[in-house]
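Hello,

Here is the structure I promised to hand over. My notes on it follow below.

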Amino acid sequence: MPTSLLTILEFPDSRLRKKALRIDNVSGSTAHLADEMLRAMYAAPGIGLAATQVNVQQRLIVCDVSEEKNAPLIFINPKILEMDGETETQEGCLSVPGFYETVIRPEKILLEAVNREGEPFQMEAEGLLSVCIQHEIDHLDGKLFVDYLSSAKRQLIRKKLLKQQKLSR
Ligand code: QAP
Ligand code: CO
């Protein structure tokens, strides 16, 4: 598996707080970015990645929650239309390496998005895919899973990651 040229930003980098803009024209470069993001996600390895995490302020996310890592999904301008139920998941994030915490979110979603051909579609998701999509859409709005934790937990993670980042540069 080739590694990726994209760099994944790490918490508490302020660029993770920027709000991504809608993509009004799906072009070849959008499809190319999606492919590069999938490459970076698989290399990590991860199950989801948002453009915000690679310092691109565009509304584009990719996911693959399959066991075989052979079911890449690309969502452009994703929007949740309906949600239902409640589920608890141990979430992690490529931008918060080494930390996993329980987050409660809606269990099922109805999603609207645009595909890499520029065509709108709707999709229902539940289970890990639903949680992954919600987590990635949060990134596009500058939100991280650590924002759902107590501020004490978030500050501790922040401190540990800053220390780690200083050691590794
Ligand atoms: C979001 O996160 C997600 O800490 C995607 O050291 C995760 O792919 C949604 C990863 C879990 C729901 C449940 C995290 C890789 C990958 C790490 C990821 C790490 C290496 C996280
Ligand atoms: Co994340």
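First, a term: a polar contact is a pair of N or O atoms within 3.5 Å; within protein, one atom must be able to donate a hydrogen and the other to accept it, and residues adjacent in sequence count only if both atoms are side-chain atoms.

On provenance, this is a predicted model: local features need pLDDT of at least 70, side-chain atom pairs count only at pLDDT 80 or more, and totals for chains, interfaces and linings use all residues. Residues are numbered from 1 along each chain as its sequence is written, chains are lettered from A and ligands numbered from 1 in the order in which they are written, and side-chain values use heavy atoms, with hydrogens and water left out.

Ligand 1

A polar backbone atom of Gly 98 is 2.7 Å from a ligand oxygen. For Ile 47, again through a polar backbone atom, the distance is 2.8 Å. Alone, ligand 1 exposes 500 Å², and the protein buries 84% of that (Shrake-Rupley areas, 1.4 Å probe).

The shell holds 19 residues, with Leu 94 and Gly 46 among the closest (a heavy atom within 4 Å counts as near). It divides into 11 nonpolar, six polar and two charged residues; Gly counts as polar here, and Tyr and Cys as nonpolar. Helix 2 gives the most, with five residues. Strand 4 (87-91) and helix 2 (127-140) each supply at least two. Helices (H or I, at least four residues) and strands (E, at least two) are DSSP runs, numbered from the N terminus.

Cobalt site

Ligand 2 is a cobalt ion, coordinated by Cys 93 (SG), His 135 (NE2) and His 139 (NE2) at 2.1 to 2.2 Å. The donor spacing in sequence is C-x41-H-x3-H. Cys 93 lies in the loop between strand 4 and strand 5 (101-105) and His 135 in helix 2, so the pair ties together parts that are 42 residues apart in sequence. Donors are N, O and S atoms within 2.8 Å of the metal (3.2 Å for Na, K and Ca); water is not among the atoms, so the site may look incomplete.

Backbone

Most peptide bonds are trans, and most residues other than glycine have a negative phi. Some exceptions follow. Phe 11 to Pro 12 is cis, with omega near 5°. Pro 12 is in the segment before helix 1 (28-43). Ala 44 to Pro 45 is also cis, with omega near -5°. Lys 69 has a positive phi of about 60°.

Best wishes
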